[in-house]
Amino acid sequence: MDLVDLVFVLSGLLCLGSACAIVTRKNPVYSVICMLPFFIGMTILFVLLSAPFLAAMQMMVYGGAILVVFLFVIMLINLRPEELKDDFSLQAYAPPAIVGGMLGGLILSFVRHGIPAESALDRAFSLPVVPDANNPHLARSMEMLGFGGHAPALGSIESISIPMFKQYVVPFELISLLIVVAVLGAVILAKKRV
Amino acid sequence: MVPLAEAGVFGWLLGLFSFKLVSCLALAGAIFAIGAWGVLARRNVLVMLISVELMLNAVMLTFVSFSRALVNMGPQLSNPYAAEGGQIFALFIIAIAAAEAAVGLAIVISYFRNRQTVDTREIRAMKN
């Protein structure tokens, strides 16, 4: 077990623990505050998975914007203390039963059908990321833009932005349309009726 | 690393505690399950929205894990931007999560202003 495995296990456990804390706290303020270690763990995981730009975006948008909006709304709506009691609608033993059943089914399928062999994707995941010598499209785009003929590394801003504005430009524009509609809808919904 | 076929069931489960594609997918599945439990079991609408954010984060983790695996598959893929596409769609998921939080919280505020509750047991104006 080397350092990458250790960091992966620790950040994964941080994510799982804080996710459980988010779901099980009765006071929603504690739930929102437990979102912060969850997002920090996800950021470490994204850095490990060679997505540094996505990690920065995760920390800015989730940790900076969404979390603050949730906290702001909780302070705005001012819950009464008696609403915080008796918050769970399922019985206390239902979640362990569900998880135990899923794990039991997994082990039963392994016992009956054997363990899945390592696929080509598993082997490709274990290889180190080369600075993308095998993507000539990215290198050609960088040369056309005047940044030399070297392909950028996976997860850098260049390697995300070039496909975003070439192949995925239609979903990108649709996302912008969606955000405009969402902002207008939020303003109209939250506007005080007279 | 021990090959999967020789490890046995418990050896395979112990192998999940290392940085592999399978362990990333298992972690994403566990986070998704916790988020689904929150949506199903909680009665506070705000915590249900936070649990939806957990589920979206789990899907993002899946996308990024496959992107990390696909970057080494290289010329075998028909889509030249398959690896980058995973991270781009994770960015799109962040945008959609922000929009969803804005609209959902606006609905919560609007409902609380009318009925003074965010409990799903009390939200039954359209029942029957």
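**Ground rules.** The model is predicted, so I took local features at pLDDT of at least 70 and side-chain atom pairs at pLDDT 80 or more, while totals for chains, interfaces and linings use all residues. Residues count from 1 along each chain, chains are lettered from A, and side-chain values use heavy atoms, without hydrogens or water.

The criterion was a pair of cysteine sulfur atoms within 2.5 Å. I then looked up A:Cys34: its closest cysteine sulfur, in A:Cys20, is 11 Å off, too far for a bond. B:Cys24 is also in no disulfide, with the sulfur of A:Cys15 nearest at 11 Å. B:Cys24 is buried, because its relative accessibility is 1% (buried: under 20% relative accessible area, 1.4 Å probe, protein chains only).

**Largest pocket.** I noted a volume of about 750 Å³. Its lining has 20 residues; A:Leu16, B:Leu16, B:Ala26, B:Leu27 and B:Ala30 are the closest to the centre. A pocket here is an open set of points on a 1 Å grid over the protein atoms alone, where a 1.4 Å probe fits, with protein on both sides within 12 Å along at least five of seven lines; lining residues have an atom within 4 Å of a point. α2(B) gives the largest share of the lining, seven residues. By type, I logged 17 nonpolar, three polar and no charged.

**B:Ser18.** I placed B:Ser18 in the loop between α1 (9–14) and α2 of chain B. B:Ser18 counts as buried, because its relative accessibility is 15%. Beyond neighbours within four places in sequence, B:Ser18 is in contact (heavy atoms within 4.5 Å) with A:Asp5, A:Phe8 and B:Ser23.

Note on methods. Buried means under 20% relative accessible area, exposed over 50%, partly exposed in between (1.4 Å probe, protein chains only). Grid points are joined across faces, edges and corners, and a volume is the space filled by probe spheres set on the points. Helices (H or I, at least four residues) and strands (E, at least two) are DSSP runs, numbered from the N terminus. Ala, Val, Leu, Ile, Met, Phe, Trp, Tyr, Cys and Pro count as nonpolar, Asp, Glu, Lys and Arg as charged, and the others, Gly among them, as polar.
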